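Reader: I'm new to this one. Can you walk me through it?

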Amino acid sequence: MTQDRVKDVAETTVFVETVRPEIEVSEEVNFEELLKEHDSGKNNFVEGEVVKGTVLKISDALVVIDVGFKSEGVVAAGEFKNSEGVVEVAAGEEVDVLLESIENDGTIVLSREKAERMKVWDSIEVAFDEQTILKGRVLERIKGGLAVDIGVRAFLPGSQVDMHPVRNLDSFKGEDIEVRVIKVNKRRGNIVLSRKAVLEEEFYKKKEETLKNLEEGAVVKGVIKNITDYGAFVDLGGIDGLLHITDLSWGRVNHPSDIFKLGDEAEVKILKFDRLEEKVSLGYKQMSGDPWLSAAERYAKNSRVNARVVSVTDYGAFVELEAGVEGLIHISEMSWNRRLKHPSRIVEVGTEVEVEVLEVDAENRRISLGMKQTEPNPWDQVEETYAINAVVKGTVRNLTDFGAFVEVEEGVEGLVHVSDLSWTKKVKHPSEILQKGQEVEAVVLSVDGDNQRLSLGIKQLQPDLWETFFANKQVGDIVKGKIIRVTSFGAFVEIEEGIEGLCHVSELSTKRIENPEEEFKSGQEMDFKIIKLNLLERKIGLSIRALTEEVEPEERWTYTPEVATTSIGELAGDKFSQLKRRAEEGKGETEDDES
């Protein structure tokens, strides 16, 4: 004890002795017995034990306490002060104090702080033995874990903070938590805690209770525990269930976070439950009715509705008619204009469009829609607008092996077949005459509004040179021609521009010619006699030999005016010509759509 404290104790002792009632001394008093009683009382007190005492006096520095010993003990007043510096004890109150020591002069040293600590240690040991739960407050993060105040400072290892690894232990600072004592050593002042043990006990209790009530078809409540790209995990109470993204809504869901956030409460239906594996599949959209069950009633064929574009692909656009019901507008149903290359030129995600219901297949959850049906069809008036043999203007939009497609107005295209490009030139591909984007004139050859086909011709803008030639020439006429090509079987001769004839090797001379290429050269001009005329095949037979020899009557093929004034289509039959053209047009439309 320090000198100041001894002085205080002495002064206090003097004070106490003056206020204590005087003991009347009797001649009969046995001092020997009193001494024995004093010694026996002293022996009842053991240093290091917690005893009860009564507060006698409180001063600024000390609190005097009577513990039943021959002299009173004192405790520093600071041990009774709260955080604001106020003494939280009054005279007459009973308190627990620790008997630290008994001095030789009979003075006893007490400690209330150590008594409280001893009481805490006793309760901690009881909690350890009985595995009861204690409450504590996290003081700070220290090496390896957390420091927790449970009446005394204790250690909570990082591995015992939670059931799962915790990355940020600092987040627990200042929190009140429940823990269990898993190790205690009073002598070393060592206490180890576990919050994980408390959580696990609660978890398994909840899980056991939850498993009793789980069954397929049941509606349960849970908390969103985790969100992934493919769904959300829901804590049902000790057991997690998977809420797959396809079971979140009857409509389109880009990501589960569009519907739920972490910590949200959700009421879900149990779709599947494997009790052995403890796997639970949940459904959220099943909490409401399937909109497809009555879709056919709400979206009748040919009815018009407004819809929102939710997705655009190469082949069309998907639109949402209502939550959970989507339909497809195929690219071919977007515009009467066949030149539409991609749906994004007309629609974009988020825009609202008016559509017409074309077909509903509720069983397969498909609705076919059309946008162009909400606008007038230009083909409905095409037969009235474009008369046969009328001359029209248009723009070349596409070239194929068999012809060119010419747009005569928005949404209406006609086909110029390769055979209708020139009367005289043998055209192998339309690109030899036409180019994309070129403005041209053409003659309407046929119109089929029902099948949306329009046949055009460019060569028909000019007279047929072959018919004109055949009308003015006949077998036996002599004509001047220029050899343009020599082959082993004869010479091809240009009679007029675009009109060619063949002089067979047998008609080149009165004598036998083995190799015409040695006798005749390209560019030679000479006279020829017409010996054959065939308008149907557009063939003219010429002869040099006939200029000097008379051709036998039976060899003549006589040209008649009736043949000369008849077109090829009439000779071959209009029906055959139209069927051939329509077959090629159909093929062309398919290739055009693909391009």
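Predicted model: local features only at pLDDT ≥ 70, side-chain atom pairs only at ≥ 80, totals over all residues.

Reader: In what order do the barrel strands go?
Author: The order is E1-E2-E3-E5-E4. These 5 strands close into a barrel, and the pairing is mixed. Neighbouring strands are turned by 50° against each other on average, direction ignored.

Reader: Which strands does helix H3 touch?
Author: H3, residues 112–130, packs on the sheet and touches E1, E3, E4 and E5. Its direction makes about 105° with that of E4.

Reader: Parallel or antiparallel: how do E1 and E2 pair?
Author: Antiparallel, over 4 bridges. Lys 57 has Val 64 in E2 as its bridge partner.

Reader: And what about E2 and E3?
Author: They pair in the antiparallel sense, also over 4 bridges. Leu 62 stands opposite Ala 76 in E3. The two strands form a hairpin with 6 residues between them. In that turn, Gly 68 has a positive phi of about 90°.

Reader: How many bridges join E3 to E5?
Author: 2 bridges, and these strands run parallel. Val 74 has Val 109 in E5 as its bridge partner.

Reader: New topic. Which residues make the nonpolar surface patch?
Author: Val 219, Ile 259, Tyr 284 and Met 287. The patch is about 300 Å².

Reader: Where does Ile 259 lie?
Author: Ile 259 is in the loop between strand E13 (240–244) and strand E14 (265–274).

Reader: Why does Ile 259 count as partly exposed?
Author: Because its relative accessibility is 32%. Partly exposed covers what falls between buried, under 20%, and exposed, over 50%.

Definitions and conventions
Residues numbered from 1 in each chain as written. Heavy atoms only, no water. Pairing = 2+ DSSP bridges. Axes fitted to C-alpha atoms, helices over the stretch in contact; angles between N-to-C directions. Contact = heavy atoms within 4.5 Å. Patch = residues over 30% accessible without salt bridge, like charges linked within 9 Å, V, L, I, M, F, W, Y side chains within 5 Å. Areas by Shrake-Rupley, 256 points an atom, 1.4 Å probe, with all protein chains shown as cover. Salt bridge = Lys/Arg side-chain N within 4 Å of Asp/Glu carboxyl O. Buried < 20%, exposed > 50% of the residue type's maximum accessible area, 1.4 Å probe, protein only.
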